[in-house]
Amino acid sequence: MRYMTADARDLMVTAGEVARLRDAMQLEVRDVALAALILHFRRMAEEVEDTREVSLSPEQLPMADEVQEIMTSGEGDLRDVDLVGLARREESELSEYLGPVWRAAGGY
């Protein structure tokens, strides 16, 4: 086994947790990819010295029709469980990760 730097070890530990979220039998490349994104955004937030000078709010992206529809139609407040439900319905490649999120958001 190759020696791992501290950053590589953090990435692999996070990737293992990502894989466990989808009840995986093995750690896959997509788990590493998601873990890398998670760590990247966490580190970006830690690097911001003065939030009054730096905005973490990116320019808003245009929304796909399905996303725009759920944002503008229906009654009542838009809840996180509604958005997670949309993602689950779309059956994206990452939908396996959404089971625990769905349950935690109250989607049962």
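A salt bridge here is a side-chain nitrogen of Lys or Arg within 4 Å of a carboxyl oxygen of Asp or Glu. By that rule, the side chains of R22 and E28 pair up, with N and O 3.6 Å apart. The model is a predicted one, in which local features need pLDDT of at least 70 and side-chain atom pairs count only at pLDDT 80 or more, while totals for chains, interfaces and linings use all residues. Residues are numbered from 1 along each chain as its sequence is written, and side-chain values rest on heavy atoms, with hydrogens and water left out.

Overall, the protein chain has 5 helices and 0 strands, and reads α-α-α-α-α along the sequence. Helices (H or I, at least four residues) and strands (E, at least two) are taken as DSSP runs and numbered from the N terminus. Of the 108 residues in the protein chain, 19% are buried. Buried means under 20% relative accessible area, exposed means over 50%, and partly exposed is what falls in between (1.4 Å probe, protein chains only).

Back to the charged pairs: the structure holds 5 salt bridges. As a general point, side chains of opposite charge can pair when their charged atoms come close. Salt bridges with shared partners tie R22, E28, R30 and D31 into one network. R22 counts as buried because its relative accessibility is 9%, whereas E28, at 29%, is partly exposed. R30 sits in helix 2, a helix that spans residues 29-47. With 18% relative accessibility, R30 is buried too.

Another salt bridge links R20 to E17, where the closest N and O atoms are 3.3 Å apart. Both residues belong to helix 1 (residues 6-21) and are 3 residues apart, about one turn of the helix. R20 is exposed because its relative accessible area is 56%, while E17, at 46%, is partly exposed.

D23 lies in the loop between helix 1 and helix 2 and has a positive phi of about 55°, although it is not a glycine. In general, most residues other than glycine have a negative phi. D23 counts as exposed because its relative accessibility is 62%.

Further along, the axes of helix 3 (65-72) and helix 4 (residues 80-89) come within 11 Å and cross at roughly 150°. That makes helix 3 roughly antiparallel to helix 4, a label for angles over 145 degrees, with under 35 counting as roughly parallel, 65 to 115 as roughly perpendicular and the rest as oblique. Axes are lines fitted to C-alpha atoms, for helices over the stretch in contact, with angles from 0 to 180 degrees between N-to-C directions. The crossing of helix 3 and helix 4 is right-handed, so the near helix is turned clockwise from the far one by less than a right angle.

Finally, M63, V67, M71, L78 and L83 make up a nonpolar surface patch with about 370 Å² of accessible area together. Patch members have over 30% relative accessible area and no salt bridge; nonpolar side chains (Val, Leu, Ile, Met, Phe, Trp, Tyr) are joined within 5 Å, and like charges within 9 Å. M63 is in the loop between helix 2 and helix 3, and its relative accessible area of 32% makes it partly exposed. Accessible areas come from the Shrake-Rupley method with a 1.4 Å probe, and for residues only the protein chains shown count as cover.
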